[in-house]
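The sequence and the structure come first.

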Amino acid sequence: MYPDLSLWPLVLVTLPLSLMKQIIAIRLLILALTCLVTYLSLLKHKYQSNLAIFAAVIYTLSGYSLY
C-alpha cells in the first residue's frame with residue numbers, strides 16, 4: 001500500500017532510536033519533506049525565492065498540512 005511503502009525508509013532510518021525519539025524524528029522528517037515538496041512543486045515557479053521559502057514554511061507549520 002502507498003503509505004506503508006513511503007514510510008518504510010523513515011522507519012529504517014530511525015530504527016536505532018527509542019520509540020518516542022522515533023516518533024519525533026519521523027514527524028520532523030515528514031515536515032521537512034513537506035516543506036521541500038511544497039517549495040519545489042508549487043511555489044518556486046510562481047514567486048521569488050525568498051517569498052516561496054517563507055510560504056512553504058508557513059504551509060508546513062500550519063495545521064492544514066497535517067490534515
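This is a predicted model: local features need pLDDT of at least 70, side-chain atom pairs count only at pLDDT 80 or more; totals for chains, interfaces and linings use all residues.

Residues are numbered from 1 along each chain as its sequence is written, and side-chain values use heavy atoms, without hydrogens and water.

**Overall**
- The protein has three helices and zero strands (DSSP runs, H or I of at least four residues for helices and E of at least two for strands, numbered from the N terminus).
- Of its 67 residues, 16% count as buried (under 20% relative accessible area; exposed is over 50%, partly exposed in between, with a 1.4 Å probe and protein chains only).

**Helix H3**
- Helix H3 spans residues 49–61 and reaches 18 Å from its first C-alpha to its last, close to the 18 Å expected at 1.5 Å a residue (1.5 Å times one less than the number of residues).
- Ala 52, Ala 56 and Thr 60 are the buried residues of H3.
- These residues lie on the same side of H3, because they cover an arc of only 65° around the axis (taken from the directions from the helix axis to the C-beta atoms).
- Asn 50, Phe 54 and Leu 61 are exposed on the other side of H3.

**Helix H1**
- Leu 7 is in helix H1 and, at 37% relative accessibility, counts as partly exposed.
- Leu 7 and Ile 30 are 23 residues apart in sequence and 9.2 Å apart in space, C-alpha to C-alpha.
- Trp 8 is also found in helix H1, which covers residues 2–13.
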